Amino acid sequence: MDQLVAPTPQPACGASGEQNVDVLGQPCFRQPAPIAYDVPMTPPISPGHSENGSRGALRVDQDMEPDCQQETPCSTSTAADSGGARDSLECCFTHEQHPPTPPNKPPRLLEDEPVGLAEPGVLKLSDFEVRGTLGTGTFGRVLLVRLKTITPGYHSIFAMKVLRKSEVVRLRQVEHVNAERHILSRLRHPFVVDLFATFQDSLNIYMLMSYVPGGELFTHLRRARRFTPDVTRFYLANIILALKYLHSFNVIYRDLKPENLLLDPCGYLCLTDFGFAKVVDDRTWTLCGTPEYLAPEIILSEGHGKAVDWWACGILCYEMLVGYPPFFDETPYGIYDKILNGNVHWPRSVDRLSQELIQAFLRPDRSKRLGNMIGGPQDVLEHPWFRGVDWDALERREIKAPIIPHTTSLDDTRHFLHLPFPSLHDMPGLLAEEDSPPLHKSLQFPDF
Ligand SMILES: Nc1ncnc2c1ncn2[C@@H]1O[C@H](COP(=O)(O)OP(=O)(O)O)[C@@H](O)[C@H]1O
Ligand SMILES: [Mg+2]
């Protein structure tokens, strides 16, 4: 435990409505979400997961950028200062501790990519009708919406991520939300969710995305208990190609986990939730992620880069093959301790080559971690565990997926939790066009 980072992350319970334990082991509130499945679901088998089958999604997110002007290493502001449910802590390291390293230029620049958002005026918030809730997250919720007008070039059904401005500001997520928009509006890849438009009203910001109807990989994994190596290979290969694409722009994702991986109608994975994605030419010190998936360098505040996504690939691969993640505990601190100890238990069902692959991703020494060595992602593609994978055919989506989610209409939501219908009064811009009320400066999001 001594090795753990000095800053104490605070409970991340609140807007998500999810129950979890905080980093100190105190229970946080979670509304029990009713689950409706078309086949019986196996009980959650991971001790790291709560009774309703959802991950204890404690998110630690504290900005600790070294490039702030402060000379003292850490300054904390309490919940009372920030008016928030968790303490907010900014930790700035002196440059002696972290000497700058030359930035690493990406093969392509995100800025050179066309922005794939609708032209201003083509779509407006009040053009959409809410059909239901698909998911709840840390700062808001994701809705299923229908475009009421016939607009050339657009389908009628979408997912709309709604983030409460006051929560985003209170939890100091403004930069993350702007980065999510900036990055997602420029990425176009078959395994990455599309962002079509963003909006804001007096209370919320909105992100209009493609609706990915097959549900979370998390749901399918819990139902199956665990996947065979062939099924795991298919999904992991999807993710490897998505990460290779993201990393080619120096975009790190930082929130890989089955909850953020959705199945599209053909059964391919689609990466959603770019709330922690960031363009990083060198290293960053932002402490964020989900405890079970955090790389040691994040826990140790050593500065981190693309290698954290490859570490998370090892965790994900293990979780798919075994049914629960390799490092779990009642409390996040217990999880961090296990991650730093590095002992992985191998059930007999995990074959030698799969163990080798996972161990290659779970190297604490980043210079020896698969995906992060001189050969980059190509080393992963060429690993013997992936022998026989036709990567080009996979990227062209020509390979039959192991699970084809059954749906009967464009707005079929059978693969998602049945969550309560949202209160539309909390989303005034969706009800009618708002006369622009004078907004407090801190609640304006100029990019949206
Ligand atoms: N494009 C989408 N299509 C369908 N469901 C989605 C989509 N995006 C998100 N969801 C659902 O909403 C949940 C929360 O969204 P997410 O972006 O992960 O929010 P958070 O950042 O709060 O975790 C996801 O886990 C998923 O179940
Ligand atoms: Mg998420």
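Leu134 is found in strand β6, where strands (E, at least two residues) and helices (H or I, at least four) are DSSP runs numbered from the N terminus. The structure is a predicted model, in which local features need pLDDT of at least 70, side-chain atom pairs count only at pLDDT 80 or more, and totals for chains, interfaces and linings use all residues. Residues are numbered from 1 along each chain as its sequence is written, while chains are lettered from A and ligands numbered from 1 in the order in which they are written.

With 24 C-beta neighbours inside 10 Å, Leu134 counts as buried. A residue is classed as buried if 20 or more other C-beta atoms, placed from the backbone, lie within 10 Å of its own, as exposed if 12 or fewer do, and as partly exposed in between. Leu134 and Lys161 are 27 residues apart along the chain, and their C-alpha atoms are separated by 9.5 Å.

Strand β6 belongs to an open sheet of five strands, arranged in the order β6-β7-β8-β10-β9 with antiparallel pairing. Two strands are taken to pair if DSSP finds at least two bridges between them. The edges of the sheet are formed by β6 and β9 (195–200), each of which pairs on one side only. From one strand to the next, the twist averages 25°, the axes being lines fitted to C-alpha atoms and the angles running from 0 to 180 degrees between N-to-C directions. In a regular strand, side chains alternate between the two faces of the sheet.

Within this sheet, β6 and β7 pair in the antiparallel sense over seven bridges, and a hairpin of three residues joins β6 to β7. Gly132 stands opposite Leu144 in β7, and Thr133 stands opposite Leu143 in that strand. Strand β7 (residues 140–147) is in turn joined to β8 by seven bridges, the two running antiparallel. Here Gly140 faces Leu163 in β8, and Arg141 stands opposite Val162. Six of the eight residues of β7 are buried, so the strand is largely enclosed by the rest of the structure.

The loop between β5 (88–91) and β6 contains Pro120. With 8 C-beta neighbours inside 10 Å, Pro120 counts as exposed. Pro120 and Ala197 are 77 residues apart in sequence, and their C-alpha atoms are 9.0 Å apart in space.

The shell around ligand 1 comprises 20 residues, of which Gly135, Gly137, Val142, Ala159 and Asp273 come nearest; a residue is near a molecule or strand if its C-beta atom, placed from the backbone, lies within 6 Å of it. Strands β6 (128–136), β8 (157–164) and β10 (204–210) each supply at least two residues of this shell. By class, the shell has nine nonpolar, seven polar and four charged residues. In this classification Ala, Val, Leu, Ile, Met, Phe, Trp, Tyr, Cys and Pro count as nonpolar, Asp, Glu, Lys and Arg as charged, and the others, Gly among them, as polar. Domain 1 (111–212 + 408–428) and domain 2 (216–395) both give residues to the shell, so ligand 1 lies between them; the domain bounds come from an automatic or database domain assignment.

Helix α5 (residues 229–247) has 19 residues, which at 1.5 Å a residue should span 27 Å; its end C-alpha atoms are 26 Å apart, in agreement with that value. The expected span is 1.5 Å times one less than the number of residues in the helix. Of the 19 residues of α5, 15 are buried, so the helix is largely enclosed by the rest of the structure.

Asn250 lies in the loop between α5 and β11 (251–252). Although not a glycine, Asn250 has a positive phi of about 60°. Asn250 is buried, with 21 other C-beta atoms within 10 Å. A positive phi of about 60° is also found at Arg397, which is not a glycine. Arg397 is placed in the loop between α11 (391–395) and α12 (428–431), and with 15 C-beta neighbours inside 10 Å it counts as partly exposed.
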